[in-house]
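Have a look at the chain below before reading on. The notes after it are meant for someone meeting this structure for the first time.

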Amino acid sequence: MVAGGSSVRCFQGLLIFGNVIIGLCGLALTAECIFFVSDQQGLYPLLNADNNDDIFAAAWIGIFTGFSFFLLSIMGIIGIMNSNRRLLMAYLILMFVVYCFEAASAITAATQRDFFVKELFLRQMLDRYQNNAYSANDDELTKNKGVTGVWDNLMLQKNCCGVNGPKDWQDYNSTFRTLNSDLAFPWPTQCCVMNPPGVPKDLNACRVGLQGYLKTTGCYDVISGFMNHHAWGVAWFGFAILCWTFWVLLGTMFYWTRIEY
């Protein structure tokens, strides 16, 4: 029983409404994080190559916390409706644990966007693209192949070339330049404008950089746009849930003190 009887029914309704919102937001957070870790753009190898994939770890935590918020909100609603002190105490303790995990996830996602800079992806592209050196260990070879595959797909599918543009392949020393002379080809063939079958419109025109035959736009905006968009989504949606949950937890604690033994 609750001290005051029916006088607290309105407060019960507010707490139930608060938990309904938490549950729905938890499901939405889970769906968003699942979409992110599915890596629709195939960019994970770029972060994995530098052991800087914490944004994906934050999203995995978000999947766990989002679904946990949903389950705990149901637990809280049942506890409030039945005025069950033990159930609400368990709800408060578990919700606090999940709250801490979600705070860590949101902070990690918010801070990771500072690492998505041009210099990181430029250095990585120049060092790892087509780098199949036999001196490298298996892990490094796997990372190099992953980076090469990502860049091939980006330049083919997103109609871009290099990080800043095709001059990246000429202005900087790279593994690609050591394997291919400027006379043979100054940039990867994926930088050429393609016909529908996926064949360069004019390989010679692309080789000399004629306008209309060479992609002149860099790929950085494609990479950073996807990463930043989802990093902010995971972070700020998580923070919004935490702000709402904070007040619901405070209200639940107050309600718990009103329940008679």
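This is a predicted model: local features need pLDDT of at least 70, side-chain atom pairs count only at pLDDT 80 or more; totals for chains, interfaces and linings use all residues.

## Helices and the record

Let's start with helix α3, which covers residues 54-82. At 1.5 Å a residue, its 29 residues should span 42 Å, and the end C-alpha atoms sit 41 Å apart, so the two figures agree.

An unreviewed UniProt entry lists residues 12-37, 57-81, 88-110 and 234-256 under "transmembrane region". How does the model look over residues 12-37? That stretch is 100% helix and 0% strand, with 37 Å between its end C-alpha atoms. Residues 234-256 also come out as 100% helix and 0% strand, and there the end C-alpha atoms are 32 Å apart.

## The nonpolar core

The largest nonpolar core has 64 residues, and the members touching the most others are Tyr91, Phe121, Trp151 and Trp169. Which helices supply at least two residues each? They are α1 (9-37), α2 (44-48), α3, α4 (85-112), α5 (118-128), α6 (138-157) and α10 (220-258). Helix α10 is the top contributor, giving 12 residues to this core.

Setting aside neighbours within four places in sequence, Phe121 is in contact with Leu46, Leu47, Phe116, Trp151, Val163, Tyr220 and Ile223. Trp151 turns up again here, as another of the core members with the most contacts to other members.

## Rings that pair up

There are 14 aromatic pairs in the structure. One of them is Phe36 with Phe226, a stacked pair with 6.1 Å from centre to centre and 20° between the planes. Phe36 belongs to helix α1 and Phe226 to helix α10, so to speak two distant parts of the chain, 190 residues apart.

## Charges over rings

Arg85 lies over the face of Trp256, 3.9 Å from the ring centre. Elsewhere, the charged end of Lys201 sits over the ring of Tyr213, 5.2 Å from its centre.

Most residues other than glycine have a negative phi. Which way does Ser83 go? Its phi is positive, near 50°. Ser83 comes after α3, in the loop between α3 and α4. With a relative accessible area of 15%, Ser83 falls under the 20% cut-off and therefore counts as buried.

Asn159 also has a positive phi, near 55°. Asn159 is found in the loop between α6 and α7 (168-171). Is Asn159 buried or exposed? At 53% relative accessibility, Asn159 is over the 50% cut-off, so it counts as exposed.

How values were computed: Residues are numbered from 1 along each chain as its sequence is written. Side-chain values use heavy atoms; hydrogens and water are left out. Helices (H or I, at least four residues) and strands (E, at least two) are DSSP runs, numbered from the N terminus. The expected span of a helix is 1.5 Å times one less than its number of residues. A nonpolar core is a set of buried Ala, Val, Leu, Ile, Met, Phe, Trp, Tyr and Cys residues joined through side-chain atoms within 4.5 Å. Buried means under 20% relative accessible area, exposed over 50%, partly exposed in between (1.4 Å probe, protein chains only). Contact means heavy atoms within 4.5 Å. UniProt positions are given in the numbering used here, feature names are shortened, and annotations may be inferred rather than shown by experiment. Rings of Phe, Tyr and Trp (its six-membered ring) pair if their centres lie within 6.5 Å; planes under 30 degrees apart count as stacked, over 60 as edge-to-face and the rest as tilted. A charge sits over a ring if NZ of Lys or CZ of Arg is within 6 Å of the ring centre and within 35 degrees of the ring normal.
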